Amino acid sequence: MLWREDMPPASTARARRRGRRWLGWLVQGLVFGGLGLFALLLFFAWDLPRVDGVPQATRRPSVTLLAADGTLLATQGDLYGETVRLRDLPPALPAALMAVEDRRFRHHWGLDPIGLARAAVANWRAGEVVQGGSTLTQQLAKNLFLTAERTTRRKVQEALLALWLEHRFSKDQLLEIYLNRVYLGAGAYGVDAAARLFFGVPARRVTLWQAAMLAGLPKAPSRLNPRASPDLAVARAAEVLEAMVATGAITTAQMEAELGRMRLPPPPSRQAGWFADWALEDLAETFPGNADLVLRATLNPRLQAVVEARLEALLAGPGARAGVTQGAVVALEAGSGAVRAMAGGRDFRASQFNRATSARRQPGSAFKPFVFLAALEAGMRPEEDVPDGPLTLGGWSPGNGTWRMRGEISMEEALAQSVNTAAVRVLYRAGGPRAAAAAARRLGLDGRFPNDASLALGTGEVTLLDLTAAYAPFANGGLRVTPFGIAGASATGAALPVPRAAPQRAAAPEDAAAMRRMLEAVVARGTGRAAALPGRGVAGKTGTTQDFRDAWFVGILGNTVIGIWLGNDDGRPMDDVRGGTLPARLFRDIAEAGL
């Protein structure tokens, strides 16, 4: 074989062939890798939601219930405030959000490898998850388009959507969308709704510490919001202020000053939850449709606070010593039926059962005014004499307790001293149990009433709210009223009509006036003396059931009727608690401080 000088050495030829093979493998790897990556992206992206625009928020209509003075009582549904623009917000609000959620927001492109690495190191050092690596854009992608499930598929889709959002919107636009859509707890979406709900101001007027508190909520809105846990909300706001110092957004002196100013407004009364539940229970039928509602309630916050404080003080003190564990109070306007205060129990957080509206119990002698009204309508007069001696009807003999028989007493005195035998005789002079039950129903007292003489002693079953409202005609000249809790309503700023039953004539004015005078005698010299207020004409009636299981007092002062029940949920007897003792004293305390 002849050697040619222009032929390459064998080693060089082998190297070239090896290089061509490697090049071929590389090209094939790139091609198949690209196809694999494309297939993988297709796998994750095939069910991505449409991203041709930011979707509109889907939410439940909101209901905001305000007290008579405009303070917030309760909310339902999803609350959205005004749509805010970044230029209208205090600079501290977006600064606080970026400091605690995404410090590199202005510099990354939707995904932040540096932030991910920093979070991984921090979590590794702490031995637990203390930092997240998601950017604000990723959080926005999840909130706008995806569910909260923790899967690899969802995280990849979140990253893809974050890249699209960064391409589609500017950084300021992304911040605005986030601030208007993020959930911040207690049903509030967006910083404006949250600022109004938690601080009573629009988002454009929040202070530095308020901005820090709002910015801290996305981490755990249901747990950290001021409604759910004020202490945790304050602690989280302090963390955000520290983060703002670390980023240079504020100085240490500013942080310390804001920590000293951090004061949350008192939350709405938890006890008023019974009133709110009752006032809103027929909302769908009263206001059909899907519009956001703002409702003005009849509740008087000052009187409500007095009711709550006095009821708790009584149950914690003399009530506890007498074996009383529960109570309920209703205060309403006699002229209209507007409910001004309602406590359905001792602690709404412990029990949402409303003992003022849902518990049916025997009213005892608190039912007697309806018997005596029927007697007035049958022609009897308050000064007419009635025997008070022993009485037996078909083997049943009503007792008179400690009352010492006088032979005959006036009808007024029989009511004032709550003499049972005289009340039974009045019942039959009035036309019997049916006449008394009819009078009670005409005044608005619905219940299961027995058709026998025991009705005079209050053996039917009633609710406290119905019983209190049924006393209103004795204060307003004989008009039946229907209790209501909503005084006004509006949707998107337009006033709405509020259906309400108008007062109806239920008793003659002269009979109502006579009943009020007799009820004033109950307080002036009868069983209700503990309810008396010097110089003020208090009227009312006591009620006590067998074995001291229930104790009632329904009192009238001016145009206000206050009904009180004390007892135990399980019907356990109390220790000699009668309507003229603790319930009458509670009425006096509430009326003295609240009216």
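Close-up 1. Phenylalanine 370 is buried, with a relative accessible area of 0%. The model shown here, as in every view below, is predicted. Tyrosine 471 also has a relative accessibility of 0% and counts as buried. The ring centres of phenylalanine 370 and tyrosine 471 lie 5.8 Å apart, and their planes meet at 90 degrees, so the pair is edge-to-face. Phenylalanine 370 sits in helix 16 (residues 368-377). Tyrosine 471 sits in the loop between helix 20 (464-470) and helix 21 (472-476). The pair therefore ties together parts that are 101 residues apart in sequence. Both rings belong to one aromatic cluster, formed by Phe367, Phe370, Phe449, Tyr471 and Phe474.

**Close-up 2. A stacked tyrosine pair.** The structure holds 13 aromatic pairs. One of them joins tyrosine 80 and tyrosine 189. Their rings are stacked, at 5.1 Å centre to centre with 5 degrees between the planes. Distant parts of the chain are linked here, since the two residues are 109 residues apart. Tyrosine 80 belongs to strand 3 (residues 79-80), and tyrosine 189 to strand 4 (residues 188-189). Tyrosine 80 has 25% relative accessibility and counts as partly exposed. Tyrosine 189 has a relative accessible area of 23% and is partly exposed.

**Close-up 3. A salt bridge within helix 10.** The structure holds 24 salt bridges. Among them is the one between glutamate 239 and arginine 236, with the closest N and O atoms 2.9 Å apart. Both residues lie in helix 10 (residues 230-247). They are 3 residues apart, so about one helical turn separates them. Arginine 236 is buried, with a relative accessible area of 9%; the cut-off for buried is under 20%.

Close-up 4. Glutamate 384 and arginine 429 meet through their side chains in a salt bridge of 3.2 Å, N to O. Their positions in the chain are distant, 45 residues apart. Glutamate 384 lies in the loop between helix 16 and strand 8 (385-387). Arginine 429 lies in helix 18 (residues 420-429). Glutamate 384 is partly exposed, at 28% relative accessibility. Arginine 429 is partly exposed, at 38%.

Close-up 5. Arginine 578 forms a salt bridge with aspartate 576. The closest N and O atoms are 3.2 Å apart. Arginine 578 counts as partly exposed, at 39% relative accessibility. Aspartate 576 counts as partly exposed, at 40%.

**Close-up 6. A patch of positive charge.** Six residues are labelled on the surface: Arg14, Arg16, Arg17, Arg18, Arg20 and Arg21. Together they make a patch of positive charge. Arginine 20 is in helix 1 (residues 10-45). Is arginine 20 buried or exposed? With a relative accessible area of 55%, arginine 20 is exposed, because the cut-off for exposed is over 50%.

**Close-up 7. A patch of negative charge.** Asp277, Glu281, Asp282 and Glu285 gather on the surface in a patch of negative charge. Where is aspartate 282 found? Aspartate 282 lies in the loop between helix 12 (273-279) and helix 13 (283-286). Its relative accessibility is 46%, so aspartate 282 counts as partly exposed.

**Close-up 8. Alanine 74 and alanine 272.** Alanine 74 is in strand 2 (residues 72-76). Its relative accessible area is 18%, so alanine 74 is buried. How many residues separate alanine 74 and alanine 272 in sequence? They are 198 residues apart in sequence. In space, alanine 74 and alanine 272 are 8.8 Å apart, C-alpha to C-alpha.

Terms used: Residues numbered from 1 in each chain as written. Predicted model: local features only at pLDDT ≥ 70, side-chain atom pairs only at ≥ 80, totals over all residues. Heavy atoms only, no water. Patch = residues over 30% accessible without salt bridge, like charges linked within 9 Å, V, L, I, M, F, W, Y side chains within 5 Å. Areas by Shrake-Rupley, 256 points an atom, 1.4 Å probe, with all protein chains shown as cover. Salt bridge = Lys/Arg side-chain N within 4 Å of Asp/Glu carboxyl O. Lys, Arg positive; Asp, Glu negative; His and termini not counted. Charge placed at Lys NZ, Arg CZ, Asp CG, Glu CD. Helix = DSSP H or I, 4+ residues; strand = E, 2+ residues; numbered from the N terminus. Buried < 20%, exposed > 50% of the residue type's maximum accessible area, 1.4 Å probe, protein only. Phe/Tyr/Trp six-rings, centres within 6.5 Å; stacked < 30°, edge-to-face > 60°.
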